[in-house]
Amino acid sequence: MEKSKRLFLKSKRSFRRRLPPIQSGDRIDYRNMSLISRFISEQGKILSRRVNRLTLKQQRLITIAIKQARILSLLPFLNNEKQFERRESTAGATGLRTINK
């Protein structure tokens with residue numbers, strides 16, 4: 001009897017409730033780049049709702065705002081700056097060689 005009672009007792013851990021990433025006064029809009037950039041990965045991908053800790057409605061609005069900003073060229077579709085730097089450095093090394101006579 002004692003063991004069965006222990007199984008149902010919840011541990012009383014104190015936890016700190018995290019602040020919501022979007023405050024009530026923040027407006028989700030494609031022009032609000034400081035807000036939108038928090039929900040995009042380094043590669044330019046939209047982060048999932050689980051990672052962002054957003055509600056379903058907030059995640060939908062964020063996704064629409066990011067897509068609108070991409071279409072209007074306010075945000076890049078992909079963030080491949082590192083790949084371009086690597087390609088440029090290798091392109092100079094493998095350029096055409098001139099034959100000295």
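Leu-61 is located in helix H4, which spans residues 56–71; helices here are DSSP runs of H or I with at least four residues, strands are runs of E with at least two, and both are numbered from the N terminus. The model is predicted, so local features were taken at pLDDT of at least 70 and side-chain atom pairs at pLDDT 80 or more, while totals for chains, interfaces and linings use all residues. Residue numbers start from 1 along each chain as its sequence is written, and side-chain values use heavy atoms, with hydrogens and water left out.

The chain contains five helices and zero strands, and its order along the sequence is α-α-α-α-α. Of its 101 residues, 17% are buried, where buried denotes under 20% relative accessible area, exposed over 50%, and partly exposed the range in between (1.4 Å probe, protein chains only). Of the contacts (heavy atoms within 4.5 Å) between residues at least 6 apart in sequence, 50% join residues at least 24 apart.

The largest nonpolar core has eleven residues: Ile-22, Leu-35, Ile-36, Phe-39, Ile-40, Leu-54, Ile-62, Ala-65, Ile-66, Ala-69 and Leu-75. Such a core is a set of buried Ala, Val, Leu, Ile, Met, Phe, Trp, Tyr and Cys residues joined through side-chain atoms within 4.5 Å. Two or more residues of this core come from each of helix H2 (33–36) and H4, and H4 gives the most, with four residues. One of the core residues, Ala-69, is in contact with Tyr-30, Leu-74 and Leu-75 when neighbours within four places in sequence are left aside.

Leu-61 of H4 is partly exposed because its relative accessibility is 40%. Asp-29 takes part in the one salt bridge of the structure, a salt bridge being a side-chain nitrogen of Lys or Arg within 4 Å of a carboxyl oxygen of Asp or Glu. Its partner is Arg-31, at an N to O distance of 2.9 Å. Side chains of opposite charge can pair when their charged atoms come close. Asp-29 is buried, with 15% relative accessibility, whereas Arg-31 is exposed, with a relative accessible area of 56%.

Arg-53, in the loop between helix H3 (49–52) and H4, has a phi near 60° without being a glycine; its relative accessibility of 41% makes Arg-53 partly exposed. Ser-73, in the loop between H4 and helix H5 (81–93), has a phi of about 65° and is likewise not a glycine. At 60% relative accessibility, Ser-73 is exposed.

A nonpolar surface patch of about 550 Å² is formed by Ile-71, Leu-72, Leu-74, Phe-77 and Leu-78. Patches consist of residues with over 30% relative accessible area and no salt bridge, with like charges joined within 9 Å and nonpolar side chains (Val, Leu, Ile, Met, Phe, Trp, Tyr) within 5 Å. Ile-71 belongs to H4 and is exposed, at 64% relative accessibility.

Terms used:
Areas by Shrake-Rupley, 256 points an atom, 1.4 Å probe, with all protein chains shown as cover.
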